[in-house]
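Hi,

Here's the model I said I'd pass along.

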Amino acid sequence: MNNYKKWFPIFVGPILLAFLMVVIIPMIVGIYFSFTDWNGITNTPNWVGIENYIKAFSDEKFGDAFKFTASFAVVSVFTINIIGFGLALLVTKKMKISNFLRSIFFMPNLIGGIILGFVWQFIFTKGFASLGSIFGWSFLEGWLSTTATGFWGLVILMSWQMSGYMMIIYIAAIQSIPDSLIEASQIDGANGLQKLRHIILPLVAPAFTVGIFLSLSNSFKLFDQNLALTGGGPYDSTQMLALNIYKTAFTMNKLGLAQAKAVVFLLAVAVITVTQLYYSKKREVEM
Amino acid sequence: MVEEKKKKIITPALGLTLAAIFILPLYIILTNSFKTQKGIFMNVMGLPFGEFFTLENYPEAFEQLDFIRSFFNSLFITVGSTLVIIIFASMAAWMLVRTKTKVSAFLFFLFAVAMLIPFQAVMLPLVNLMGRIGFLNPLGLIFMYLGLGSSLSIILYHGFIKNIPVELEEAAIIDGCNTFQIFWYIIFPLLKPITVTVSILNVMWIWNDFLLPQLVINRPEWQTIPLKMFYFFGQYSKKWHLALAGLVISMVPIVIFYIFAQKHIIKGITDGSIK
């Protein structure tokens with residue numbers, strides 16, 4: 001036992017140093033900076049109290065970004081998990097091509113958000129418009145030029161990208177259901193829907209906790225896709241929180257204000273994810 | 001019986017239709033990358049043919065992306081970061097499991113809680129601090145990925161190591177191994193399954209990461225693929241023929257990686273999300 005302790009600094013030290021310098025110290029310094037008029041140039045910013053927080057909360061664009069992010073997160077958590085679960089049900093059926101289908105559905109996940117944002121920018125602005133003129137569907141024209149199409153564009157992009165990831169999680173859960181349970185329900189005469197409702201859904205509930213947790217925190221923190229697909233436009237109306245913080249810091253050069261927004265952002269992310277985990281865990285037990 | 005047969009056809013047919021819808025966006029990007037500017041303007045949905053077909057988008061996009069260099073920049077940063085994360089996270093996790101002190105419990109708790117911190121909350125002071133100590137370069141970036149990747153990787157290793165019996169190590173101590181040798185010769189080889197998971201998760205994240213390199217890397221010759229693509233797109237957003245060829249080139253390495261490492265990737269995702 002003593003022997004382990006002697007080596008403790010060598011084994012834990014290097015990564016702890018990186019962790020402290022990259023995460024913990026910046027976090028603490030960041031909270032301090034959020035109470036100052038820090039502009040990134042002078043190293044001795046002045047204490048301004050809660051002024052940045054007052055500015056953050058009275059900043060209309062920040063409020064709009066908050067609402068946009070929250071609605072986006074709610075909608076995309078639904079679409080991502082429903083599509084992901086549906087795909088998982090489909091590819092766990094016995095068929096020769098199920099491995100091939102899994103590979104296809106999962107693939108968008110590997111490609112980076114910036115690249116995917118540009119890919120879908122082309123699809124929405126050029127592809128949709130072209131389909132629209134072929135079939136005479138006017139709702140396919142002018143995508144990404146309005147707030148609503150920007151919103152649904154982001155939802156489509158994220159559902160396309162993330163539902164394959166959720167599928168993988170749900171496949172593992174569905175496959176861990178004992179065959180005997182399914183067979184017993186079939187002998188009892190349960191139809192497909194009853195099997196889904198009374199056997200599969202309750203047993204994959206823990207996987208839903210993971211799936212909702214991952215998609216919620218990913219949607220809330222979304223940055224790359226937002227930047228590459230709409231850039232926040234038109235008129236910052238599709239700007240999400242992470243992009244708003246980024247622009248406050250680097251376009252407006254108000255680093256103190258950006259840092260105050262980042263602290264609010266941190267609290268929001270923490271509250272949402274912890275609450276969601278708490279309620280899902282509770283529900284799992286009840287089911 | 002008729003019902004059964006119907007199912008045998010309908011399910012795969014539904015699956016293939018959905019797969020086609022999933023692939024469609026990438027298919028459109030690919031076909032249009034072989035069209036001239038006018039070809040894209042005239043018809044997005046059609047195949048490239050005749051006077052609208054061209055191969056010239058690719059050499060130009062390849063050159064503009066400085067692709068060989070940006071590929072190796074991405075590779076160096078991704079592989080370097082993943083290696084240091086594996087080495088130091090596995091060492092630390094093992095020590096944290098084996099020493100049952102208040103300090104190790106607190107440190108593990110700290111690593112776990114930090115998972116909740118979004119990058120935006122630390123990015124401004126981080127870049128400021130790293131700038132002051134001269135870390136705004138590829139090696140500094142690797143150091144930052146070590147810090148940012150530490151939480152998840154330590155949690156995954158910690159969960160795995162808990163199930164390895166300590167008796168193995170006791171036998172090695174009797175044989176005269178020191179702690180360093182015990183870890184590298186006895187424990188680390190046993191960690192292989194979780195090491196694969198940790199590598200996959202870190203590679204996928206670091207390879208595609210955009211914001212941190214954008215803040216840290218200030219020289220064009222150090223830029224990674226996502227970074228180069230972002231600036232390239234900014235210049236050519238009105239010239240879709242070049243932008244699309246650039247997008248296809250940027251996606252090629254990860255797609256090849258996926259084809260070869262698919263099984264590990266899917267297993268890595270499953271293991272990584274359950275814990």
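Leaving aside residues up to four places away in sequence, A:Ser163 touches A:Ile80, A:Ile83, A:Gly84 and A:Leu87. Before you read too much into any of this, remember that the model is predicted. A:Ser163 itself sits in helix α6 of chain A, which covers residues 147-175.

Is A:Ser163 buried or exposed? There are 28 other C-beta atoms within 10 Å of A:Ser163, and 20 or more is enough to call a residue buried, so A:Ser163 counts as buried.

Another residue in chain A that I looked at is A:Arg102, in helix α4 (residues 98-106). A:Arg102 is buried too, because it has 23 other C-beta atoms within 10 Å and the cut-off is 20 or more. A:Arg102 and A:Ile114 are 12 residues apart along the chain, and their C-alpha atoms are separated by 24 Å.

As for annotation on chain A, an unreviewed UniProt entry puts "domain: ABC transmembrane type-1" on residues 66-276. In the model that span is 77% helix and 0% strand, and its end C-alpha atoms lie 18 Å apart.

Now for where the two chains meet. The contact uses 72 residues of chain A and 66 residues of chain B. On the chain B side, the largest share comes from helix α13 (residues 240-274), which puts in 14 residues. Sorted by class, that side of chain B has 52 nonpolar, 13 polar and 1 charged residues.

On to chain B by itself. How many helices and strands does chain B have? The count is 13 helices and 0 strands. The radius of gyration of chain B is 24 Å, while the globule rule gives 19 Å for 275 residues; the value is well over the rule, so chain B is more spread out than a compact globule. Along the principal axes, the C-alpha atoms of chain B fill a box of roughly 75 × 70 × 35 Å. Of the 275 residues in chain B, 42% are buried. If you take contacts in chain B between residues at least 6 apart in sequence, 75% of them join residues at least 24 apart.

Chain B is divided into domain 1 (2-59) and domain 2 (65-236). The centres of these two domains of chain B, taken over C-alpha atoms, are 38 Å from each other.

UniProt, again from an unreviewed entry, lists several spans of chain B as "transmembrane region", including 104-127 and 139-161. Residues 104-127 of chain B are 79% helix and 0% strand, with end C-alpha atoms 29 Å apart. For residues 139-161 of chain B, the figures are 100% helix and 0% strand, and the end C-alpha atoms are 30 Å apart.

Last one: helix α10 of chain B, residues 192-208. Its 17 residues reach 24 Å from first C-alpha to last, close to the 24 Å expected at 1.5 Å a residue. The buried residues of α10(B) include B:Ile194, B:Thr197, B:Val198, B:Leu201, B:Asn202 and B:Trp207.

Cheers

Notes:
Residues are numbered from 1 along each chain as its sequence is written. Chains are lettered from A and ligands numbered from 1 in the order in which they are written. This is a predicted model: local features need pLDDT of at least 70, side-chain atom pairs count only at pLDDT 80 or more; totals for chains, interfaces and linings use all residues. UniProt positions are given in the numbering used here, feature names are shortened, and annotations may be inferred rather than shown by experiment. Helices (H or I, at least four residues) and strands (E, at least two) are DSSP runs, numbered from the N terminus. A residue is buried if 20 or more other C-beta atoms lie within 10 Å of its own, exposed if 12 or fewer, and partly exposed in between; C-beta atoms are placed from the backbone. Two residues are in contact if their C-beta atoms, placed from the backbone, lie within 7 Å. Ala, Val, Leu, Ile, Met, Phe, Trp, Tyr, Cys and Pro count as nonpolar, Asp, Glu, Lys and Arg as charged, and the others, Gly among them, as polar. Domain bounds come from an automatic or database domain assignment. The expected span of a helix is 1.5 Å times one less than its number of residues. The radius of gyration is taken over C-alpha atoms; the globule rule is 2.2 Å times the number of residues to the power 0.38.
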